[in-house]
Amino acid sequence: METLKLLLLRMGCRYEVTFMEKEKGWAMLQSARDQLQGVTLLARAMLHFACPEITRILDLLFSLLHKCSEKSTPTAIAFFVELLHYQEIDHLPEDQILDSLEEWTRHPGPEVRSLGLRGLGILAIHPEKVEEVKALLPILLGSLEETDGRVVTEGLVAIQNLLKFMHRNDIVSLAEKLFPLFNMADAKARNSAIALFAELPGVVKKKEKYLIQEQVSQSLVPLLLHLQDEEPEVVKGCQEALARCFRFLGWTLPKKIMSKKAWHDHPEIAETLCRQISWKLKAIPAVLLQCLDHLQCPQVSIRRAAAIFLGCVVQCAEPAVITQDKKDLIFLSLHKLRDDPDPSVRLTAWQATRMVQEACATSATLPRTPTPLRRFGNPDKQESVSERGHWDVSDPALTHRWNPTSPVSHRIVTSSAKKRTPGPSRQA
């Protein structure tokens, strides 16, 4: 490390050395976990302070990486990729750079794949490189199907840099691919996907709004549920995305969307949002199924929100819309949450069940089981299954098993039915 510092000083890079000291960059370089972050920091410092040897370093590094690509280390690749921000890279062979980046995107290691995607995203910043990177759009879209959060995040950033140059058919395809990413375990990838989706309404021309109108409508329920996300940055992203989606659809944005209160403590917020949105979508069955999908989300806060919103949707719907099959599926799904490891989810499921019971004017029916079941919140009272009837429906654990790669398994289809005039009992 001292040798590297001395070399930088001999090159006239004393500002870079001071910057690395201040930002603890040298410690990062010595850490196996943070080494790539340290290398990236050094490259950015050299670019920021206009190191006089950047061109020579780029030439030498590219030559080594291109000749020995199979033996290239992630550290060397990360340093080279970050230096692609340099404005004067026209002297480097463009085809060879793209070939190397494309090869890295197919590397077996997710670390190298993410660096290859990052390189393509950086090249897309250069106006003269846009068309060449755009030709590799299938690789970028394919990266969104990966399970590694770093790979997905870099793919999203690269696509975002190309967004305004994309063909309209590619934008529709992108919108479809973004839905499953709203529920990724990696918070950064989740936030990046929501932020990218929020930009889609702005890149579509007014006369072509119909192209993504269905996708925008489908996104509303997942975005509403993620207002209860555990990550504050994701919540902010959802608020911004919903604001843009409502503007795109020509609807007034409900003020409750900006509320920071938890729905399980303030269920009236979910009820208000549901009343203001469900009648506009005119697709209650699809909304219900989206809520059912999210009942199995890994995040506790999302499971709670889905249960509450599910109860509110049933209460806002016309009785004829909630068929017996749907009632059976709803009750069985909520009943399964009574075994949830989190007590707040169990309580919310019980409350949602009561909401559905009241809306449907029927008593809840429990699934068939060989042992007596307990009502949550009152362990001293038991009821046998024979007193409540039997189930003749499939298990939602099989029909609606949580799938992190495709959490929204049902699409909202805009209805052509006329707007329903709410009756006296339906007034908010």
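Start with the contacts. Take those in the protein chain with a separation of 6 or more: 68% of them are between residues 24 or more positions apart. One caution before going on: this is a predicted model.

Now the inventory. The protein chain has 22 helices and 2 strands. It runs to 428 residues, and 49% of them are buried. The accessible surface is about 21,400 Å². Carbon and sulfur atoms account for 52% of that surface.

Find α18, residues 300–316. It has 17 residues. From first C-alpha to last it reaches 25 Å, close to the 24 Å expected at 1.5 Å a residue. How many of the 17 residues of α18 are buried? The count is 15, so the helix is largely enclosed by the rest of the structure.

Stay on α18 for a ring pair. Phe309 lies in this helix, while Trp263 sits in the loop between α15 (232–249) and α16 (267–281). The two rings are stacked, with 6.0 Å centre to centre and 20° between the planes. Both Trp263 and Phe309 are buried. Their positions are 46 residues apart in sequence, so the pair ties together separate parts of the chain.

That pair belongs to a wider set. The count is 9 aromatic pairs. Another of them is Phe179 with Phe182. This one is edge-to-face, at 6.0 Å between centres and 85° between planes. Phe179 has a relative accessible area of 6%, so it counts as buried. Phe182 is buried too, at 1%.

There is also a cluster. Tyr15, Phe19 and Phe49 are linked by ring pairs. Tyr15 has a charge over it as well: the charged end of Arg14 sits over the ring, 4.6 Å from its centre. A second case of a charge and a ring is Lys209, which lies over the face of Phe248. Here the distance to the ring centre is 5.0 Å.

On to a tryptophan. Look at Trp104 in helix α7, residues 94–105. Is Trp104 buried or exposed? Its relative accessibility is 3%, and the cut-off for buried is under 20%, so it is buried. What is Trp104 in contact with, leaving aside neighbours within four places in sequence? The list is Leu65, Ile77, Phe80, Val81, Val112, Arg113 and Gly116. Pick out Ile77 from that list. Ile77 and Trp104 are 27 residues apart in sequence, yet their C-alphas are 9.1 Å apart in space.

Last topic, the cysteines. As a reminder, a disulfide is a covalent bond between the sulfur atoms of two cysteines. How many disulfides does the structure hold? The number is 0. Take Cys238: its nearest cysteine sulfur belongs to Cys245, 10.0 Å away. Cys238 has 0% relative accessibility, so it counts as buried. Now Cys312. The nearest cysteine sulfur is that of Cys274, at 5.5 Å.

To recap: α18 is largely enclosed, Trp104 is buried, and the model holds 0 disulfides. Over to you for discussion.

How values were computed:
Residues numbered from 1 in each chain as written. Predicted model: local features only at pLDDT ≥ 70, side-chain atom pairs only at ≥ 80, totals over all residues. Heavy atoms only, no water. Helix = DSSP H or I, 4+ residues; strand = E, 2+ residues; numbered from the N terminus. Expected span 1.5 Å × (residues − 1). Buried < 20%, exposed > 50% of the residue type's maximum accessible area, 1.4 Å probe, protein only. Disulfide = S-S within 2.5 Å. Contact = heavy atoms within 4.5 Å. Areas by Shrake-Rupley, 256 points an atom, 1.4 Å probe, with all protein chains shown as cover. Phe/Tyr/Trp six-rings, centres within 6.5 Å; stacked < 30°, edge-to-face > 60°. Lys NZ or Arg CZ within 6 Å of the ring centre and 35° of its normal.
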